[in-house]
Amino acid sequence: MIALLRNDEDARRDAAAAWVVRLESGGLPELEAADFDAWLCASPANPLAFDEALSVSRAYAADRGLVAAALSRRRAPAPDYTRRAVGGMGAMAAAAALAVILGPQLVAPPAIAYETSKGERRTVELADGSSIVLNGGTRLTVRLDGDSRDVALMQGQALFDVAHDASRPFTVAAGDRTVRVLGTRFDVRRLDGQVAVSVARGAVEVRPTAGSEGKAYRLRPGQNFARAEGAAEAQVGAVETAEVGAWTTGRLVYRGAPLRQVAADLNQQFATPIRLSDPSLAEAPISGGLVLDDQRAGIRRLALLVPVSALPSEAGIVLRRDPAPGSR
């Protein structure tokens, strides 16, 4: 039984290493991308194995000079790693293993924190050529090093325009989901326990973070991923690519979005909080556009899209459903 489990793990590592080689050699054609998605979703252990293989590849790429120097100084022959190597991975795996043993550990650079207040928008230009536009009320951190580009979105919304770099994937952690890209333009929103990802250009992969359950999704331009944090299922729908990041120009565009989402977005822009009078109102669908110039004007425009009235209260502004015509 132990031997069978060991063989399964060896096969999983070999498959993960093979996928790393294919991806780092220039990406995957459509059919192979579907096979890769299927392999990732086949077992919760597969994404973890892929991350481990990718880490080994990145460690070797970062320390290849040190590894070569260390190898030249050793008298004993290098261990034979060919049994578990896949394709061209044998030499890389051996060198990476020796890098762990012989090479000094690189100190990861500190993460840099960025934050915006309500109604503020801020553009951050990164050293790799990527840019991030932060929406109001957003908090995130950025860490760039020799083999990775990692963002953690704690709250809010951000539009990413990522410079292509096949040797350094760009990841955005949002709750228990991670968005992985090489070069693309996409939007990530994390508010009120909801995570959404919309793609304008390129492709992204949304998958569970280590230790979390769920399947991986590959999104292409014009697709949107939406999920409540902790939920078993996610929804993938369509979005107009021209509308991805529309908030950066001071307007919000919705296509059948629930009112709770609209209220959450407005609460990131204005100091006076908006609340809904009853839970059923929260799911009322909204389609249309709102200009973010003034809160009162924005609510008046919202009332044209859904029958609501705004009532001032000590806690802020309460939206309540207007009675149907004839019932007043």
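Reply: First a definition: helices (H or I, at least four residues) and strands (E, at least two) are DSSP runs, numbered from the N terminus. The model is predicted: local features need pLDDT of at least 70, side-chain atom pairs count only at pLDDT 80 or more, and totals for chains, interfaces and linings use all residues. Residues are numbered from 1 along each chain as its sequence is written, and side-chain values use heavy atoms, with hydrogens and water left out.

Me: How many residues join β17 to β18 in the hairpin?
Reply: Strands pair if DSSP finds at least two bridges between them. β17 (residues 308–313) and β18 pair in the antiparallel sense over 6 bridges. The hairpin joins them through 2 residues.

Me: Which element supplies the largest share of the lining of the largest pocket?
Reply: A pocket is an open set of points on a 1 Å grid over the protein atoms alone, where a 1.4 Å probe fits, with protein on both sides within 12 Å along at least five of seven lines; lining residues have an atom within 4 Å of a point. Among the 38 lining residues, A196, N224, A226, A257 and Q261 are the closest to the centre. Contributors of at least two residues each include β9 (194–201), β14 (251–258) and α5 (259–267). The largest share, 8 residues, comes from β14.
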